[in-house]
Amino acid sequence: MRIARLMFTTMLLTLLSGYSLAVQAADDIKVTSIAEIEIVTVGKDGKKTFKRTPPGKAIPGTEVIFTNIFENVGKKAASNIVIDNPIPENTFFKADSAMGKDTVITFSADGGKTLGLPEKIKLKGSDGKLRIAQPNEYTHIRWTYKGQLAPGKSSEVSFRAVIK
Amino acid sequence: MDLRTRLLGVCVCLWLLSPQSSWAAGVLSGTPIFGSASVNYVMGASPVATATSNTISFVVDEKVNLTVVGGNITNVISGATLQVATFTVTNNSNSPLDFSLAINSTIAADAFDPTACNAYVENGVTAGFQSGQDTATFIDELAVDTTKTVYAVCNIPLGQANTNTGQVGLVATAQGNFTGVTGAGALHAYVPTPGTLGAALTPTSGVESQPNVDIVFVDIQGSETALDTVRDAKHSARDTYSVGPALVLTKSVSVVDPKGTAVVMPGAVMTYTINATLTGTSAVNNLTIADPLPANITYVPGSIQVACGSGTYANGVCGTGVITSPQSAAAKTDTNMDADFADFTANTVSVSLGNVAAPANVVITFRATIN
């Protein structure tokens, strides 16, 4: 009985690892997304301390920090790295919150069809004329990494979105 | 000017707020938020490859928030019963909820405490408090971002002088049933309980594991600070009962002398205008406005006119107010418009308007010459 259970567990683990291998095998860049909220405490000296935690209490109005960590797990240097992140549904992008070292950050307000710098992103207004899109209307963010990422190296990009 | 007014009845005005634009309260609790990123890259001389991140998933938690609005003034008379003060309660939470209602009538900073108070919810059939219709004592299943009218119905103690005020506070508490209370699998989805007041809410201590919904109170403190604090699923506001007549009379005189200028001199014609405005929520019954003329002036026969301050006075309706204008049994010495509810006797102009329901604005004019 115990052996049978052990065998079953082993088989299951084998199957699972096989599955993940099949999905991950081709990826020389591993990208991990995390969501966090920032808890600010003000000390007696007036200094603010920022502590990040998983989004435990996430009510409308809560600002969530989305971070993508990308790591070169391959054997060669990676180039032309472009990270695309749709703004999660039911949230809106917080203006000026996109960060990323050594990246050019562009945005889209039309579901990722066209991307550009903030002042170049246009949307059709109710009067039919094109107008500059507001940050809370962005639908996608793109980070274009400048240069190469050597094997074993990682970097990260992030943005903040507010729950609608 | 001698005024005889008797206030025998008071009616109620209505304060219905239309619902605000939808989803001001935010995404409904329990809604999942998903996040993921993808990366395109080139490895050496290989073609462009794509990698996809894990998918972030968490649910939107329950934000409990509500707004009670008062600040209304109800004009009352001393000793009146079942006087209505009007409030609104808005559900600013991101799920439907029930709201229990409590009244604070023992507020220290006023001249009197209203008595025998009850709170009732407007049922939406007939505007204004209807004792036979508006019988619900809690708000049942108030949708997100919607507002209900709530009435505090109180008695006014006897012996209150004019201008005395008494305040009444309304405290609303968000309540509701959620699936499960704690532990794994407790999604905390809102469970409607039509016809039944939901359970008192408890904010989640700590953080529920995903995908459970935490219950978070975010309400501010209202007027009833002894009963309502911040983040307690309660909010409150106050209304005021004000004792005194709701009828305001103003009188003005214009003079035209025989030369056509406005010099007060013998032979000049004075036009008196009495403006009677019944405001707010009250009705007055058997209203007679009388103005004894001073010495040395002579009433111009047939000069009494009764009109509306705005709108047309016809069939007893002046603006939106109703005037019954009963005819007096006594013969009138002066007539106007139609029936003889105007009178000039004993050197006094008097007009019987009968029962007048607010809001009404009646203008009485008559002329007299200077001897």
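## Reading a two-chain strand model

Guide: Let's open with a sheet in chain B: 5 strands make an open sheet with mixed pairing, in the order S9-S19-S15-S11-S13. Strands here are DSSP runs (E, at least two residues), helices are runs of H or I with at least four residues, and both are numbered from the N terminus. Two strands pair if DSSP finds at least two bridges between them. Keep in mind that this is a predicted model, in which local features need pLDDT of at least 70 and side-chain atom pairs count only at pLDDT 80 or more, while totals for chains, interfaces and linings use all residues. Residues are numbered from 1 along each chain as its sequence is written, and chains are lettered from A and ligands numbered from 1 in the order in which they are written.

Visitor: Which are the edge strands of that sheet?

Guide: Strand S9 (73–76) and strand S13 (138–142) of chain B, each of which pairs on one side only. From one strand to the next, the twist averages 25 degrees; axes are lines fitted to C-alpha atoms, for helices over the stretch in contact, with angles from 0 to 180 degrees between N-to-C directions.

Visitor: How many bridges join S15(B) to S19(B)?

Guide: There are 9, between residues 165–175 and residues 234–243, and the two strands run antiparallel.

Visitor: Now the interface. How many residues does each chain bring to the contact?

Guide: Two residues are in contact if their C-beta atoms, placed from the backbone, lie within 7 Å. Chain A brings 36 residues and chain B brings 31. On the chain A side, strands S1 (29–42), S3 (63–72) and S4 (78–86) each supply at least two residues, and S4(A) gives the most, with 8. That side has 17 nonpolar, 11 polar and 8 charged residues. For the classes, Ala, Val, Leu, Ile, Met, Phe, Trp, Tyr, Cys and Pro count as nonpolar, Asp, Glu, Lys and Arg as charged, and the others, Gly among them, as polar.

Visitor: Which strand of chain B is joined to S4(A) by bridges?

Guide: Strand S4 of chain B (residues 38–43), through 5 bridges, with the two strands antiparallel. Look for A:Asp84, which stands opposite B:Ser38. The predictor gives the complex an ipTM of 0.80 and a pTM of 0.68.

Visitor: Which residues touch the most other members of the largest nonpolar core?

Guide: A nonpolar core is a set of buried Ala, Val, Leu, Ile, Met, Phe, Trp, Tyr and Cys residues joined through C-beta atoms within 7 Å. Buried means 20 or more other C-beta atoms within 10 Å of the residue's own, exposed means 12 or fewer, and partly exposed is in between, with C-beta atoms placed from the backbone. Of the 78 residues in this core, A:Ile81, B:Val39, B:Phe99, B:Tyr151, B:Ala152 and B:Leu170 touch the most other members. Leaving aside neighbours within four places in sequence, B:Tyr151 has contacts that include B:Val84, B:Tyr120 and B:Phe129.

Visitor: Why does B:Leu249 count as partly exposed?

Guide: Because B:Leu249 has 17 C-beta neighbours inside 10 Å. This leucine sits in strand S20 (residues 247–256) of chain B.

Visitor: Where is B:Asn347?

Guide: In the loop between S28 and S29 of chain B. B:Asn347 isn't a glycine, yet its phi is positive, about 60 degrees. This residue counts as exposed because it has 12 C-beta neighbours inside 10 Å. The hairpin of S28(B) and S29(B) has 2 residues between the strands, and B:Ala346 takes a positive phi near 55 degrees there. The two strands are antiparallel, joined by 4 bridges.

Visitor: Where does pLDDT stay under 50 in chain B?

Guide: pLDDT is the predictor's confidence in each residue, from 0 to 100. It stays under 50 over residues 1–22 of chain B, and residues 181–186 of chain B are also below 50. Chain B averages 82, and 79% of its residues score at least 70.
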